[in-house]
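This report works from the overall fold to individual residues of one protein. The sequence and the structure come first, and the description follows.

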Amino acid sequence: MKCNVSKLCGGCPYLALPYETQLQAKQKQVEELLKANHLKIKVNPIIGAQKIKGYRNKVIVGFAKHKGKIVSGLYAAHSHRVIATRHCLMHPELINRIIQRITEYLDSMKIELYNERTGTGLLRHVLIRYAQNTKEVMVVFVTARPQFPSRRNLVNLLVKEFPEIKTILQSVNARQTSVVMENEAFILYGEGVITDELCGLDFTMTANSFYQIHHDQCERLYQLAKKKLHLSGREKVLDTYCGIGTIGLTLADQCKKVTGVEINADSIVLAKENAKQNHIRNAEFVSMDSTKFMMEAKRFHHAFDVIVLDPPRAGTTKTFIESACSLHPKKILYISCDPRTLVRDLKTFFRLGYQSKTLDLVDMFPNTDHVETIVLLSHKSPDSVINATVEFGEGEGKVPLNKIAERTKKYQPKPKITYQMIQEYVEKNYGFKVHTAYIAEVKRSLGLTTYDAPNAIEELKHPRKHPPKEKAEAITEALKYYEVI
Ligand SMILES: C[S@@+](CC[C@H](N)C(=O)[O-])C[C@H]1O[C@@H](n2cnc3c(N)ncnc32)[C@H](O)[C@@H]1O
């Protein structure tokens, strides 16, 4: 593929290589990284893309003046210099056409461009999102101040010419910063959102939500995640760093319950909306830092059969990993867009007894040096097994069957004392009700194991509850009555 500005732009460092060579380079890069870190994991052959150009569904363009005319393009690598280009090979054709029209309109309307050095002027960038399967488009004008002359005219011209544009927004960023969108955007046209179809489900997103850049490869990644997890329908799945709920919701039909955790409150609103519009009823979402959630889950002894994590480039935290392992999930699925932080985090998982023999790569970013990795971890199986042969019956060296029955009776576990039984005992004997969180707190203070409270997820959003003295005493009495202590 030929691109005239490839050297200046730096966005596609592998563009000159045949696609097969690009894939080999990514495979080798991850294999060498694992080897250098003494991680014995086999890397399965990378899953290459069919669409290797025109795949980017999110684009940010800058503007500059060239010979008195407004031109648009991507920024040069590690700089804010705009590389004028009419046609980026990685953008869908429709996006290239919209950018071109916007540039022409801005020029004819004599819109002032923002000057980063002096902090003067109006237009900073334009962000475009494209929902590949529904063909819906979102346009966001990022300006340095709210007043935007001719914007009504500009909006009317764009929506008339491109019926695919479902919404147009303006985001005001007055600070001298390189961040593209700092504040909430206000709607100039449409609903402020677009919806795409992914893995047979509808996902609505805003300008700020995370959504994988390559639609088709994202579907293959999620299919692989499903295959690796091999859910039975009985599992409680925790989807951390869940964004607008894409991974968790695609797993929801194969498990008992999905809990999604995400720091961006707007994404959680969308995740809930996405569950609703797809008629998914076994999913709940919490807006919280994933590490904090994990710490609380550890404190409250929440049980999850599967934990999925898909953090940003920086990876996750040691505390997240330690807390996650302490919950003893059967499986942990780690999806990462940066192999270096993945390797760092895998070492901690391995140290804590979780292991994996294989790792998969999905090429989400053709022509770049980035690669997506996916690895399933499960708890290490025993190092060795002792085989013993026992013969039952009468006579020397045999174990009599009646002895087994006696022993079984002796070691029969006591029936489980539930929170409800304790609540009922307290209410009957003391005349007041006690919250499950109080029971958990008393049990914890006595060094006992605690179990899921029925409203466990709700509780995670609140600080721990310390029971008043009389309630703590009543709960302790109930625990004695039931011979828990
Ligand atoms: C790589 S994206 C994955 C999103 C989603 N799993 C998907 O595939 O669309 C990472 C997500 O983590 C969120 N995030 C970043 N830091 C976080 C944190 N400390 N706790 C929870 N979520 C966080 C981001 O807002 C983003 O939505």
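His-328 sits in the loop between α9 (318-326) and β15 (331-336), where helices (H or I, at least four residues) and strands (E, at least two) are DSSP runs numbered from the N terminus. The model is a predicted one, in which local features need pLDDT of at least 70, side-chain atom pairs count only at pLDDT 80 or more, and totals for chains, interfaces and linings use all residues. Residues are numbered from 1 along each chain as its sequence is written.

**Two histidines with positive phi**

Most residues other than glycine have a negative phi. His-328, which follows α9, has a positive phi, near 50°, and His-301, which is not a glycine either, has a positive phi of about 55°. His-301 is placed in the loop between α8 (290-299) and β14 (306-309). Burial is judged here by counting other C-beta atoms, placed from the backbone, within 10 Å of a residue's own: 20 or more make it buried, 12 or fewer exposed, and a count in between partly exposed. The table sets out the two histidines together with two further residues that are taken up below.

| Residue | Other C-beta atoms within 10 Å | Class |
|---|---|---|
| His-328 | 12 C-beta atoms | exposed |
| Gln-355 | 16 C-beta atoms | partly exposed |
| Ile-439 | 25 C-beta atoms | buried |

In α9, the helix that His-328 follows, the buried residues are Phe-320, Ile-321, Ser-323, Ala-324 and Cys-325. The elements that cover these buried residues include α8, β14, β15, α10 (339-351) and β16.

**Overall fold and domains**

The secondary structure of the protein amounts to 15 helices and 18 strands, and 38% of its 485 residues are buried. Two residues are taken to be in contact if their C-beta atoms, placed from the backbone, lie within 7 Å; among contacts between residues at least 6 apart in sequence, 66% join residues at least 24 apart.

The domain assignment, whose bounds come from an automatic or database source, gives domain 1 (12-50 + 214-379), domain 2 (58-198) and domain 3 (419-481). Between the C-alpha centres of domain 1 and domain 2 the distance is 32 Å, and the contact takes six residues from domain 1 and four residues from domain 2. On the side of domain 1 that touches domain 2, the largest share, three residues, comes from helix α5 (residues 215-229). By class, that side of domain 1 has two nonpolar, three polar and one charged residues, where Ala, Val, Leu, Ile, Met, Phe, Trp, Tyr, Cys and Pro count as nonpolar, Asp, Glu, Lys and Arg as charged, and the others, Gly among them, as polar.

**Surroundings of the ligand**

The ligand is surrounded by 18 residues, of which the closest are Phe-210, Tyr-241, Gly-243, Ile-263 and Ser-290; a residue is near a molecule if its C-beta atom, placed from the backbone, lies within 6 Å of it. At least two residues of this shell are supplied by each of α6 (246-251) and β12 (257-262). The shell divides into nine nonpolar, six polar and three charged residues.

Helix α13 (residues 436-445) and helix α15 (residues 469-481) have axes that come within 10 Å and cross at roughly 70°, the axes being lines fitted to C-alpha atoms over the stretch in contact, with angles from 0 to 180 degrees between N-to-C directions. The two helices are therefore roughly perpendicular, since angles under 35 degrees count as roughly parallel, over 145 as roughly antiparallel, 65 to 115 as roughly perpendicular and the rest as oblique. Tyr-438, Ile-439 and Val-442 in α13 meet Lys-471, Ala-472, Ile-475 and Thr-476 in α15, and the residues of this contact comprise five nonpolar, one polar and one charged.

Ile-439, which lies in α13, touches Tyr-419, Ile-422, Val-434 and Ile-475, not counting residues up to four places away in sequence. Ile-439 and Pro-467 are 28 residues apart in sequence, while their C-alpha atoms are 8.3 Å apart in space.

**Gln-355**

Gln-355 belongs to strand β16 (residues 354-355). Leaving aside neighbours within four places in sequence, Gln-355 is in contact with Phe-350, Leu-377 and Lys-380. Gln-355 and Lys-40 are separated by 315 residues in sequence and by 9.8 Å in space, C-alpha to C-alpha.
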